[in-house]
Amino acid sequence: MTRQTRERIIEALLFASAATAVVIVLLIMVFLFKEGAPFLLRYGIHTFCLGMEWNPIAMDGEPSYGIFPMIVGSVYIAAGSLVLAVPLGISCAVFLVEIAPPWAQVMIRRGIELLVGIPSVVLGFFGLVLLVPLIRDSAGGFGFSILAGSIILAIMALPHIISISADAIAAVPETYKQASLALGATRWHTIRNVILPAARSGIVAAVILGMGNSIGETMAVLMVTGNSPILPSPFYDVLDPVRTMTANIVVEMNYAAPGDHQQALFATGIVLFVMVAILNAFSHRALKSKMGVGR
């Protein structure tokens with residue numbers, strides 16, 4: 001076998017691998033839209049997404065399929081996790097790249113890798129046993145709340161935000177830093193006004209990817225948020241329980257009868273899929289912007 005033939009075989013295998021990944025995603029999309037789109041068109045996208053009541057097995061009257069409280073719950077918990085994770089993650093990335101000695105960099109990176117490997121159900125159990133009682137005793141409420149879910153998801157989002165932000169900061173040309181220091185700027189002034197603005201696109205991409213992961217998380221959120229499919233009252237109360245879209249699918253898919261109830265859960269998956277796809281699109285755009293700046 002000639003070298004050229006081997007290279008063509010390797011190229012064909014790589015292409016087949018990439019094509020397989022694309023085909024799998026397309027098949028998932030086809031299945032999801034095949035099961036959920038007819039219900040969305042029949043029930044109404046506006047009514048489904050902005051409906052305030054979820055009662056698919058109503059004993060009296062017609063069943064209702066409104067997921068607006070679950071959309072709000074998903075966004076609240078994802079946004080809350082970012083409020084907690086972004087400052088800590090970016091600070092850790094700056095320390096990791098610009099300040100930490102080599103031995104500390106090794107330790108921190110090993111810790112980040114270990115945090116990524118912890119199963120979400122273990123973090124959920126940690127939140128159920130320790131975090132929920134702590135919130136209940138110190139802040140009031142039931143403990144199962146938006147705050148508990150946000151803290152758990154912040155822990156899960158930290159490795160992604162730290163890793164991508166650190167790579168973006170490390171990719172800033174060394175000449176930027178040298179020029180700033182040569183003009184008399186302090187180290188902190190250089191980091192705050194030169195390095196972070198230059199790495200902004202990569203940091204934004206890290207934040208968006210972290211939010212996408214937070215919206216799509218299921219088990220940890222299911223264990224600590226209370227699974228209440230109603231809006232918080234008052235609207236800004238982070239100590240109220242909520243139910244996310246992913247938790248709704250997991251909780252009800254086991255007993256959902258074929259028909260509108262089951263199709264409504266698939267329609268919920270479509271809404272979730274579209275939200276995550278939009279976030280990923282923004283992330284890729286930010287990454288391309290970063291690459292353009294780097295060039």
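Reader: Hey, how many helices and strands does the protein have?
Author: The protein has twelve helices and two strands. Helices here are DSSP runs of H or I with at least four residues, strands are E runs of at least two, and both are numbered from the N terminus. This is a predicted model, where local features need pLDDT of at least 70, side-chain atom pairs count only at pLDDT 80 or more, and totals for chains, interfaces and linings use all residues. Residues are numbered from 1 along each chain as its sequence is written, and side-chain values use heavy atoms, with hydrogens and water left out.

Reader: Ok, and how do the elements run from the N terminus on?
Author: The order is α-α-β-β-α-α-α-α-α-α-α-α-α-α.

Reader: What box do the C-alpha atoms fill?
Author: Roughly 75 × 65 × 30 Å, taken along the principal axes. Of the 295 residues, 39% are buried, meaning under 20% relative accessible area; exposed is over 50% and partly exposed is in between, using a 1.4 Å probe and protein chains only.

Reader: Switching to helix 4 and helix 6, at what angle do they cross?
Author: The axes of helix 4 (residues 102–117) and helix 6 (residues 146–170) cross at roughly 135° and come within 9 Å. That makes helix 4 oblique to helix 6. For the wording, under 35 degrees is roughly parallel, over 145 roughly antiparallel, 65 to 115 roughly perpendicular, and the rest oblique. Axes are lines fitted to C-alpha atoms, for helices over the stretch in contact, with angles from 0 to 180 degrees between N-to-C directions.

Reader: Which residues of helix 4 and helix 6 make the contact?
Author: Helix 4 brings I112, L115 and V116, while helix 6 brings I155, L158, P159, I162 and S163. Contact means heavy atoms within 4.5 Å. By class there are seven nonpolar, one polar and no charged residues. Ala, Val, Leu, Ile, Met, Phe, Trp, Tyr, Cys and Pro count as nonpolar, Asp, Glu, Lys and Arg as charged, and the others, Gly among them, as polar.

Reader: And G111, where does that lie?
Author: G111 is in helix 4, and it is partly exposed at 37% relative accessible area.

Reader: What about helix 5 with helix 6, how do the axes cross?
Author: The axes of helix 5 (residues 120–139) and helix 6 come within 10 Å and cross at roughly 140°. Those two helices are therefore oblique to each other. Residues making the contact include F126 and L131 of helix 5 and I151 and I155 of helix 6. The contact has eleven nonpolar, two polar and no charged residues.

Reader: Is S165 buried or exposed?
Author: S165, in helix 6, is buried, with a relative accessible area of 0%. Leaving aside neighbours within four places in sequence, S165 is in contact with I90, A93, I203 and A206. The S165 side chain also reaches the backbone oxygen of I161 at 2.7 Å.

Reader: New topic: which residues does the cis peptide bond join?
Author: S233 and P234, with omega about 0°. P234 sits in the loop between helix 10 (219–224) and helix 11 (245–253). Most peptide bonds are trans, and most residues other than glycine have a negative phi.

Reader: So what phi does N227 have?
Author: N227 has a positive phi of about 55° and is not a glycine. N227 is also in the loop between helix 10 and helix 11, and it is partly exposed at 22% relative accessible area.

Definitions and conventions:
Polar contact = N/O pair within 3.5 Å; in protein donor to acceptor, adjacent residues only side chain to side chain.
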